[in-house]
Amino acid sequence: MVKVEKEKCIGCGACVAIAPDTFEFDENGISKVIDGAAPSETATEAAGSCPVGAIEVTENENAE
């Protein structure tokens, strides 16, 4: 699962630059996960590059 916490996101664009197949901007300039995007190495790299820690990547779709 890949998730963006919209209330934390500042719209810096690091995730979109690193993983354009996973992230895009919404109409408000905030990052969102592209429909159907799955966890990947680049999504994990983008999460690590997020300056405000707004991205969560987990391998298990059923993680609680």
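Predicted model: local features only at pLDDT ≥ 70, side-chain atom pairs only at ≥ 80, totals over all residues.
Colleague: Which pattern does the chain follow along the sequence?
Modeller: Helices (H or I, at least four residues) and strands (E, at least two) are DSSP runs, numbered from the N terminus. By that reading the chain has two helices and four strands, and along the sequence they follow the pattern β-α-β-β-α-β.

Colleague: What is the radius of gyration of the chain, and what does the globule rule give for 64 residues?
Modeller: The radius of gyration is taken over C-alpha atoms, and the globule rule is 2.2 Å times the number of residues to the power 0.38. The C-alpha atoms fill a box of roughly 30 × 20 × 20 Å along the principal axes. The chain is as compact as a globular protein of that length, because its radius of gyration of 11 Å is close to the value from the globule rule for 64 residues, 11 Å.

Colleague: Of the 64 residues of the chain, what percentage count as buried?
Modeller: Buried means under 20% relative accessible area, exposed means over 50%, and partly exposed lies in between (1.4 Å probe, protein chains only). Of the 64 residues of the chain, the share that counts as buried is 28%.

Colleague: How far apart do the centres of the positive and negative side chains lie?
Modeller: Lys and Arg count as positive and Asp and Glu as negative, while His and the chain ends are not counted; the place of a charge is taken as NZ of Lys, CZ of Arg, CG of Asp or CD of Glu. The chain has 4 positive and 13 negative side chains, and the centres of the two sets are separated by 7 Å.

Colleague: Is S31 buried or exposed?
Modeller: S31 has its place in strand β3, which covers residues 31–33. Contact means heavy atoms within 4.5 Å, and, leaving aside neighbours within four places in sequence, S31 is in contact with V4, K6, C9, C15, F23, E24 and F25. Because its relative accessible area is 2%, S31 is buried.

Colleague: Which residues of helix α2 are buried, and why do they line one face?
Modeller: In helix α2 (residues 41–49), the buried residues are A43, A46 and A47. Seen down the axis of α2, they fall within an arc of 100 degrees, so they line one face of the helix, the arc being that of the directions from the helix axis to the C-beta atoms. What covers these buried residues includes β1 (2–4), α1 (14–18), β2 (23–25) and β4 (55–57).

Colleague: Which residues are exposed on the other side of α2, and what is the relative accessibility of G48?
Modeller: On the other side of α2, the exposed residues are E41 and G48. The C-alpha atoms of G48 and A14, although 34 residues apart along the chain, are separated by 9.9 Å. G48 counts as exposed because its relative accessibility is 66%.

Colleague: Which residues does K3 touch, not counting those up to four places away in sequence?
Modeller: K3 lies in strand β1 and counts as partly exposed, at 40% relative accessibility. From C-alpha to C-alpha, K3 and A37 are 10.0 Å apart in space and 34 residues apart in sequence. Not counting residues up to four places away, K3 touches V33, A54, I55 and E56.

Colleague: What distance separates the C-alpha atoms of A38 and E27?
Modeller: A38 has its place in the loop between β3 and α2, and at 43% relative accessibility A38 counts as partly exposed. Along the chain A38 and E27 are eleven residues apart, and their C-alpha atoms are separated by 22 Å.

Definitions and conventions: Residues numbered from 1 in each chain as written. Heavy atoms only, no water.
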